[in-house]
Amino acid sequence: MIPGWVPKGVGVNICALAELPKRGWSKYLRTPPTAPGRCAALPAAEIAAPALLNLDVQGFELQALAGCEDVLERFAWVYAECSFQELYAGQSFADEVIAWLRERGLRLAGVYHMAYDERGRAVQADFLFGR
């Protein structure tokens, strides 16, 4: 895996928050890309403030975020699915993603859709970060 690149079959979505309805916004996000790519390669016009970066990259959150670092300041919000337990070899964990984003001015604003294993331990959740 090349740092900053998103693997095929997973998605990074970007949208202007003004385009989203007040409820059920996630279903209005653009279809995830089907080919690898770097967030930083996006034209500036594609990132209209205030923008939301939605990551669902199956454990590659830190690599995807590293690829967005050059344009991260354009995003007011980041929404990412993160894990507490290892689901993928070499994956990032929730505490690492939280720390990485906090160092770059994005604080944890909410945790949603918590998934638990059969023993009641937290496995993964969706995390919202904001400036």
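Is L65 buried or exposed? L65 is buried, with a relative accessible area of 0%; buried means under 20% relative accessible area, exposed over 50%, and partly exposed in between, with a 1.4 Å probe and protein chains only. This report describes a predicted model, in which local features need pLDDT of at least 70, side-chain atom pairs count only at pLDDT 80 or more, and totals for chains, interfaces and linings use all residues. Residues are numbered from 1 along each chain as its sequence is written, and side-chain values use heavy atoms, with hydrogens and water left out.

## Overall layout

The protein has two helices and five strands. Helices (H or I, at least four residues) and strands (E, at least two) are DSSP runs, numbered from the N terminus. Their order along the sequence is β-β-α-β-α-β-β.

Of the 131 residues in the protein, 40% are buried. The accessible surface comes to about 7,400 Å², and carbon and sulfur atoms hold 54% of that surface. Accessible areas come from the Shrake-Rupley method with a 1.4 Å probe, and for residues only the protein chains shown count as cover.

Contact means heavy atoms within 4.5 Å. Among the contacts in the protein with a separation of 6 or more, 67% are between residues 24 or more positions apart.

## Strand pairing

Two strands pair if DSSP finds at least two bridges between them.

| Strands | Sense | Bridges |
|---|---|---|
| β2 and β3 | parallel | five bridges |
| β3 and β5 | antiparallel | seven bridges |
| β4 and β5 | antiparallel | seven bridges |

Strand β2 is largely enclosed by the rest of the structure, because five of its six residues are buried.

Q124 of β5 has partners in two places. S83 stands opposite Q124, and Q124 is also the bridge partner of A115. Strands β4 and β5 form a hairpin with five residues between them, and G120 in the turn has a positive phi of about 85 degrees.

## Core and helix α1

A nonpolar core is a set of buried Ala, Val, Leu, Ile, Met, Phe, Trp, Tyr and Cys residues joined through side-chain atoms within 4.5 Å. The largest such core has 22 residues, and L53, L65, L72, V78 and L101 have the most contacts inside it. Two or more residues of this core come from each of β2 (51–56), α1 (61–68), β3 (75–83), α2 (94–103) and β5 (122–130).

V78 is one of those core residues. Leaving aside neighbours within four places in sequence, V78 is in contact with L52, L53, L55, L65, L72, L101, L106, F127, L128 and F129.

L65 lies in helix α1. Beyond its neighbours within four places in sequence, L65 is in contact with L53, L55, V78, V97, W100 and L101. L65 and L55 are 10 residues apart in sequence, and their C-alpha atoms are 8.6 Å apart in space.

Helix α1 is mostly covered, with six of its eight residues buried. These are E61, Q63, A64, L65, G67 and C68. The buried residues of α1 pack against β2, β3 and α2.

## Cysteines and positive phi values

How many disulfides does the structure hold? The structure holds zero disulfides, a disulfide being a pair of cysteine sulfur atoms within 2.5 Å. C68 is buried, with a relative accessible area of 1%, and C82 is buried with a relative accessible area of 1%.

Which residue in the loop between β2 and α1 is named here? Q58 is found in that loop. Q58 is not a glycine, yet has a positive phi of about 50 degrees. Q58 counts as partly exposed, because its relative accessibility is 25%.

H113 is in strand β4 (residues 107–116). Phi of H113 is near 55 degrees, a positive value in a residue other than glycine. H113 is exposed, with a relative accessible area of 61%.
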